[in-house]
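Have a look at the structure first, then read on.

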Amino acid sequence: MTDRLPGFSTLAVHAGAQPDPTTGARVTPIYQTTSFVFNDADHAASLFGLQAFGNIYTRIGNPTTAVLEERMAALEGGTAALAVASGHAAQVVVLQQLLMPGDEFIAARKLYGGSINQFTHAFKSFGWNVAWADPDDIGSFERAVTPRTKAIFIESIANPAGSITDIEAIAEVARKAGVPLIVDNTLATPYLIRPIDHGADIVVHSLTKFLGGHGNSLGGIIVDAGTFDWSKDNKYPMLNEPRPEYHGIRIQETFGNFAFAIACRVLGLRDLGPALSPFNAFMILTGIETLPLRMQKHCENAKAVAEFLAGHPAVASVNYAGLASDRYNKLARKYAPKGAGAVFTFSLRGGYDAGVSLVSNLKLFSHLANVGDTRSLVIHPASTTHSQLDDDAKVRSGAGPDVVRLSIGIEDKEDLIADLEQALT
Amino acid sequence: MNHDTYDDNYIRSILNSVKSIAMVGASPVNVRPSYFAFKYLAQRGYDMIPVNPGHVGKQLLDKPFVASLSDIGRPVDMIDIFRSSSHIMPVVDEALTLSPLPKVIWMQLGARDDAAAEKAEAAGIKVVMNRCPKIECGRLSSEISWMGVNSRTLSSKRAPIPTQGMRLSLNRMSVGGAATAASDRAAKNKGEPT
């Protein structure tokens with residue numbers, strides 16, 4: 001008998017979860033506890049020494065959070081995952097395993113403004129140096145590789161303009177350079193794009209967005225594809241060298257194809273501390289159960305709104321990869337055939353002032369700094385999410401002064417279009 | 001047979017059927033992977049035999065070390081080899097002199113010797129390479145899910161509470177036991193034949 005492979009929607013509901021051993025509760029309970037009792041001293045020592053499966057302390061792992069982790073690993077097609085407090089925390093924990101002070105990583109220039117800021121300023125103080133490359137010019141990634149390059153970081157669907165990245169082409173650059181490709185898959189979710197299928201070695205998310213989906217809980221996750229050989233050339237000492245804090249265990253030797261996720265847990269989360277609250281894990285898990293349904297509606301609505309805007313006289317241009325005329329449409333059809341996501345930008349003929357007036361006239365769209373909510377959202381990136389960039393970097397990242405970003409929710413699309421229509425006139 | 005990826009049912013049938021496991025290269029040092037794989041399998045009810053000529057006269061979790069497979073003196077179902085790839089062949093050769101033959105030869109995570117595997121399979125022995133029985137047992141029972149690992153299985157049945165010496169059910173629904181895009185690429189990255 002060959003194993004039958006359940007589909008994505010089945011995994012979104014079931015992966016990682018099973019009725020509670022003690023109570024039979026069908027929904028994953030919220031294990032709102034800091035700590036877990038040990039059976040005896042030997043059991044405690046085995047757990048602390050990473051020798052046995054089990055729970056110690058919620059900063060390191062929690063049964064509610066573990067369900068979320070396994071579900072995300074299943075949805076992304078990875079070997080294991082680690083949930084953390086936010087998408088930003090996921091990025092710190094990932095790079096802490098890969099970079100030593102003085103090392104470099106290459107990042108796509110088109111990223112969430114908060115990531116650009118984190119990479120440019122916060123990481124500089126750790127001695128981690130970022131080299132920027134243009135996702136529309138694969139050669140710029142190749143040219144940025146140096147002997148100290150330890151990773152490449154891109155977004156699958158890039159914030160803020162919803163542009164689509166050629167993951168396979170950049171994965172090939174990473175493979176040749178002998179470094180892992182990290183893909184932030186937040187705006188696509190595994191429902192639209194599974195980066196591991198296209199060559200990613202590590203996938204990160206802000207769970208706060210479409211995965212949780214309801215704008216009520218922060219969270220982040222790291223998914224290990226299990227594809228990278230960490231033992232080669234001793235380039236990654238965190239994974240490859242004996243760890244003094246664990247009596248000389250070598251993480252990659254002990255944990256095989258999920259070693260990276262374990263390193264993130266026992267060397268990253270354990271020591272840096274950005275643990276996810278079990279309550280947030282529960283909220284996000286509940287959200288993920290309806291991810292396929294919501295993403296279908298998000299994409300359907302986004303396409304309708306983008307088409308409406310493209311035909312409006314006050315609109316100068318619309319950047320939505322789902323439109324046939326968009327420069328990323330070909331990549332969207334390859335990587336995201338089910339839909340090009342629900343976050344995109346457009347610019348107004350009236351420039352900055354028209355953008356400000358549009359935002360204040362809208363009655364249904366909420367003006368706030370998030371994306372991927374059930375509610376439709378609007379923001380002016382140049383004065384908010386991307387405000388810490390200089391003017392040149394704003395334009396290069398797709399957040400020029402005339403640009404307005406929308407995150408389309410799951411309301412009735414006719415109501416969204418009517419709201420934009422009244423606000424534009 | 002293909003040793004890059006294994007169908008879950010293959011691994012499941014092995015771990016469900018074997019009762020005794022001789023671990024070649026078992027270490028009494030409690031930070032070595034062989035030590036805690038040995039300990040876990042003993043806790044999950046397998047009859048474990050530590051094989052290591054350097055520790056004869058000592059015990060591992062109350063089981064006396066033997067110097068070699070031929071010193072075990074009774075039939076064993078499975079031989080779990082905790083040695084690097086270059087040391088596999090002599091162990092397989094010795095295993096093939098046992099009577100009765102073991103049913104399974106298992107090579108640990110990182111260990112692979114295709115010629116040795118072929119030899120064992122020609123004698124009717126099932127072979128698993130580059131896997132850890134602790135990880136596979138934990139994965140198929142979903143016990144490993146506590147660490148955020150993808151068990152690649154589903155179940156709508158109430159989970160058991162594992163206790164000392166308890167054999168866990170490995171008969172959950174598999175999500176993807178065989179090849180995946182990621183596992184194929186992992187094999188390729190390690191320069192293994194695909």
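**An enclosed strand**

In this predicted model, strand E9 (residues 220–224) of chain A is largely enclosed by the rest of the structure, because 5 of its 5 residues are buried (under 20% relative accessible area, 1.4 Å probe, protein chains only). Strands here are DSSP runs of E, at least two residues, and helices are runs of H or I, at least four, numbered from the N terminus.

**Around E9(A)**
- Gly220(A), Ile222(A) and Asp224(A) point one way, while Ile221(A) and Val223(A) point the other.
- Strand E1 (residues 80–84) of chain A pairs antiparallel with E9(A) over 5 bridges (pairing takes at least two DSSP bridges).
- Strand E8 (residues 202–206) of chain A also runs antiparallel to E9(A), joined by 5 bridges.
- Asp224(A) sits opposite Ala80(A) and also opposite Ile202(A).

**Between the domains**
- Chain A splits into domain 1 (8–287) and domain 2 (291–424), with bounds from an automatic or database domain assignment.
- Each domain puts 40 residues into the contact (heavy atoms within 4.5 Å).
- Between these domains there are 2 salt bridges (a Lys or Arg side-chain nitrogen within 4 Å of an Asp or Glu carboxyl oxygen).
- Arg327(A) forms a salt bridge with Asp136(A), with the closest N and O atoms 3.6 Å apart.

**Ground rules**
- Residues are numbered from 1 along each chain as its sequence is written, and chains are lettered from A and ligands numbered from 1 in written order.
- Local features need pLDDT of at least 70 and side-chain atom pairs 80 or more, while totals for chains, interfaces and linings use all residues; side-chain values use heavy atoms, leaving out hydrogens and water.

Conventions. Buried < 20%, exposed > 50% of the residue type's maximum accessible area, 1.4 Å probe, protein only.
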